[in-house]
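Dear colleague,

I am passing on the structure we spoke about, and my notes on it follow below. Please read them with the coordinates open beside you.

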Amino acid sequence: MGEGRHCELAVSDLPEERNPLEAHASFITKELPSARKALETETIGSLTLVLAPAASQHDAWRRAIAGDLARAYTPKRVNIAAGARGASLDRVLEYLRDAPGVTGHYVQAHD
């Protein structure tokens with residue numbers, strides 16, 4: 001298990017469009033470098049990317065990113081959480097921060 005502090009990286013620059021391909025491409029181009037930089041920091045042991053809620057057609061690319069990053073940066077933990085800011089998302093983030101065996105998952109918070 002990777003040791004080190006937990007980092008939450010808010011991703012707020014994805015297209016609001018319904019097209020998951022555009023959102024995925026935007027994430028890869030604009031946000032992936034920041035995620036990799038955080039994961040390559042020696043003091044970071046786990047990372048949760050925090051995304052805005054999206055329709056279910058975005059689930060596949062979000063799950064794939066979470067799994068691919070988790071495999072690439074093992075033993076560090078990588079997860080993606082999505083939802084509107086509020087109590088439900090806060091509970092998901094708290095769980096992921098303190099769940100040492102959970103990595104490579106996409107978790108949606110629902111109010």
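Of the contacts in the protein chain with a separation of 6 or more, 70% are made by residues 24 or more positions apart. Please bear in mind that this is a predicted model, and that everything below is computed from it.

The protein chain has three helices and four strands, and from the N terminus on these elements follow the order β-α-β-α-β-α-β. Its radius of gyration is 13 Å, close to the 13 Å that the globule rule gives for 111 residues, so the protein chain is as compact as a globular protein of that length. Taken along the principal axes, the C-alpha atoms fill a box of roughly 35 × 30 × 20 Å. Buried residues make up 43% of the 111 residues, while the chain exposes about 6300 Å², of which carbon and sulfur atoms supply 51%.

Strand 2 deserves a separate look. Eight of the eight residues of strand 2 (residues 44-51) are buried, so this strand is largely enclosed by the rest of the structure. Strand 2 pairs with strand 1 (residues 5-11) in the parallel sense over seven bridges, with V11 standing opposite L51. Strand 2 also runs parallel to strand 3 (residues 77-82), to which six bridges join it, and there the bridge partner of L47 is V78. Between strand 2 and strand 3 the chain passes through helix 2 (residues 59-72), and this β-α-β crossover is right-handed.

As for the interior, in soluble globular proteins nonpolar side chains tend to be buried together. In this model the largest nonpolar core has 23 residues, and those with the most contacts inside it are F27, L47, L49, L51, W61, L69 and I80. Strand 1, helix 1 (20-39), strand 2, helix 2 and strand 3 each supply at least two residues of this core, and the largest share, six residues, comes from helix 1.

Which residues is L49 in contact with, leaving aside its neighbours within four places in sequence? They are L9, V11, F27, A35, L69, N79, I80 and A81.

With best regards

Notes. Residues are numbered from 1 along each chain as its sequence is written. This is a predicted model: local features need pLDDT of at least 70, side-chain atom pairs count only at pLDDT 80 or more; totals for chains, interfaces and linings use all residues. Side-chain values use heavy atoms; hydrogens and water are left out. Buried means under 20% relative accessible area, exposed over 50%, partly exposed in between (1.4 Å probe, protein chains only). Two strands pair if DSSP finds at least two bridges between them. A crossover is right-handed if, with the strands pointing away from the viewer, the path from the first strand over the helix to the second runs clockwise. The radius of gyration is taken over C-alpha atoms; the globule rule is 2.2 Å times the number of residues to the power 0.38. Contact means heavy atoms within 4.5 Å. Accessible areas come from the Shrake-Rupley method with a 1.4 Å probe; for residues, only the protein chains shown count as cover. A nonpolar core is a set of buried Ala, Val, Leu, Ile, Met, Phe, Trp, Tyr and Cys residues joined through side-chain atoms within 4.5 Å.
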